[in-house]
Amino acid sequence: MSAAQAAADRPGPGPLVREGDLLGPVDVVAPSLLGCWVVTDRPEGQVALRLTEVEAYSGEGQDPASHAHRGPTPRAEIMFGPPGRLYVYFSYGVHWCANVVVGPEGRGSAVLLRAGDIVLGEEVARARRPAARVARDLARGPARLTQALGIGPYDRGLDLLAPESPVRLHHGSAPATVSAGPRVGISQATELPWRFWETGAPSVSVFRAGGTGRGGKRPGRRAGQDGAP
């Protein structure tokens with residue numbers, strides 16, 4: 001096969017997600033994002049990831065694990081809209097996590113991007129994640145995902161739905177089957193089945209319940225949003 005044929009056969013992202021696609025309840029919108037592509041354009045190259053795992057976080061009063069549970073604080077105000085904005089926060093002083101703001105303005109909901117498969121720009125992603133021994137580990141967990149995509153604090157508030165944005169959210173191929181269960185790395189509202197993943201996808205992160213990791217320590221790169229200040 002020629003290089004031109006290989007390039008033509010290479011999968012590409014679908015159209016950009018629209019604001020109307022994000023306006024439902026967070027636990028409905030979250031699983032609809034599985035299969036979508038997150039695309040980042042950086043000086044070192046483009047990287048694209050197909051989402052295989054997400055978590056829903058609500059600001060409507062029933063989710064104390066959410067940053068938005070206490071209202072539009074300086075940290076969480078971006079979660080209150082408009083939809084399609086990128087909410088980036090520092091988790092446990094260790095790593096960055098990325099979220100898509102969803103729902104109508106004023107609702108305070110976001111979907112945490114937990115894991116995905118690198119579908120374009122694997123060499124760039126590997127340079128950012130040299131510890132990953134196999135492809136499935138490049139973005140297997142929220143910290144690894146932001147590292148592989150090159151997402152950081154400078155991206156907070158970006159419009160993921162704008163064609164000129166350096167970080168964009170595109171439609172992609174939906175998974176055949178979706179599973180749901182408790183969220184990872186939180187200490188409150190652990191009963192809500194608001195983690196969604198593509199059933200059987202190798203890149204889905206390892207689940208550990210109860211907000212702690214091995215030895216009772218905080219979960220590090222497995223952390224969820226968790227509303228604790």
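## A guided tour of the predicted model

In this protein, residues 24 or more positions apart account for 66% of the contacts (heavy atoms within 4.5 Å) that have a separation of 6 or more. This is a predicted model, in which local features need pLDDT of at least 70 and side-chain atom pairs count only at pLDDT 80 or more, while totals for chains, interfaces and linings use all residues. Residues are numbered from 1 along each chain as its sequence is written, and side-chain values use heavy atoms, with hydrogens and water left out.

Begin with the whole chain in cartoon view, where the secondary structure comes to four helices and eight strands; helices (H or I, at least four residues) and strands (E, at least two) are DSSP runs, numbered from the N terminus. From the N terminus on, the elements run α-α-β-β-β-β-β-α-α-β-β-β. Of the 229 residues, 53% are buried, where buried means under 20% relative accessible area with a 1.4 Å probe and protein chains only.

Next, select L33, L51 and L169, which touch the most other members of the largest nonpolar core, a group of 54 residues. Such a core is a set of buried Ala, Val, Leu, Ile, Met, Phe, Trp, Tyr and Cys residues joined through side-chain atoms within 4.5 Å. Among the elements that give two or more residues to this core are helix 2 (26-32), strand 2 (45-57) and strand 6 (167-170), and strand 2 gives the most, with six residues. If you then centre on L33 and leave aside its neighbours within four places in sequence, you will find L33 in contact with L22, L51, V100, V111 and L169.

Move on to helix 4 (142-149), which is largely enclosed by the rest of the structure, because seven of its eight residues are buried. The buried ones are P142, A143, R144, L145, T146, A148 and L149, and their cover includes strand 1 (37-42), strand 2, strand 4, strand 5 and helix 3.

Now select S58, in the loop between strand 2 and strand 3, which counts as buried because its relative accessibility is 1%. Not counting residues up to four places away in sequence, S58 touches V26, D63, S66, G108, S109 and W194.

Finish at R195, which is placed in strand 8 (residues 195-198) and, at 5% relative accessibility, counts as buried. Show its side chain, and you will find one of its polar atoms 3.0 Å from the backbone oxygen of P182.

Technical notes: Buried < 20%, exposed > 50% of the residue type's maximum accessible area, 1.4 Å probe, protein only. Polar contact = N/O pair within 3.5 Å; in protein donor to acceptor, adjacent residues only side chain to side chain.
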